[in-house]
Amino acid sequence: FFFLMIRRPPRSTQSRSSAASDVYKRQGINAEYTKALDYYNRCETIQKTSLGESHPEYVSTLNKIGSVYSSIGEHMKALDYHLRCEANIKTSLGESHPEYAYILGNIGNVYRQKGEYTKALDYCLRCEAIIKTSFGESHPEYAKTLL
């Protein structure tokens, strides 16, 4: 359960800026990650002002920025963004919501990449427990946490 579990809103709710940044991120080239971060940061600024910090689209953008930083090995920046997501989701949806679990999984993944395996395991086990409670042991979402 150390893989990134990124949830994104349906395509119809994504902004054009976020969709473009997703394309750059998928290409996996460092120069393209820079472009992705540029789009995501622009998107974050607009969403923060227009939607507020507790809006799901804003939180999703923070998560995506954290994932890009994780992909390029900037673990402290990744952790900062994922922890901001955790705080927002904890406040808005609560600690038993699956979206909260996915963010815990992302935080665990960053700690794993940093070599902090005890912290990584703690976050991943918390993620697994929430998903197990939310979906049950026979659900595919739970199976993903076991990888």
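Analyst: A salt bridge is a side-chain nitrogen of Lys or Arg within 4 Å of a carboxyl oxygen of Asp or Glu. This is a predicted model. Lys119 is partly exposed, with 42% relative accessibility. Glu116 is partly exposed too, with a relative accessible area of 26%.

The structure holds twelve salt bridges. Another of them joins Glu44 and Arg84, whose closest N and O atoms are 2.9 Å apart. Glu44 belongs to helix H2 (residues 30-50) and Arg84 to helix H4 (residues 75-92), so the pair ties together parts 40 residues apart in sequence. Is each partner buried or exposed, given that buried means under 20% relative accessible area? Glu44 has a relative accessible area of 10%, so it is buried. Arg84 has 27% and counts as partly exposed.

Next come Glu86 and Arg126. Their side chains meet in a salt bridge of 3.8 Å, N to O. This pair also links distant parts of the chain: Glu86 sits in helix H4, Arg126 in helix H6 (residues 117-135), and they are 40 residues apart. Glu86 is buried, at 11% relative accessible area. Arg126 is partly exposed, at 29%. Asp122 joins in as well: Glu86, Asp122 and Arg126 are linked in a network of salt bridges.

Side chains of opposite charge can pair when their charged atoms come close.

How values were computed. Residues numbered from 1 in each chain as written. Predicted model: local features only at pLDDT ≥ 70, side-chain atom pairs only at ≥ 80, totals over all residues. Heavy atoms only, no water. Helix = DSSP H or I, 4+ residues; strand = E, 2+ residues; numbered from the N terminus. Buried < 20%, exposed > 50% of the residue type's maximum accessible area, 1.4 Å probe, protein only.
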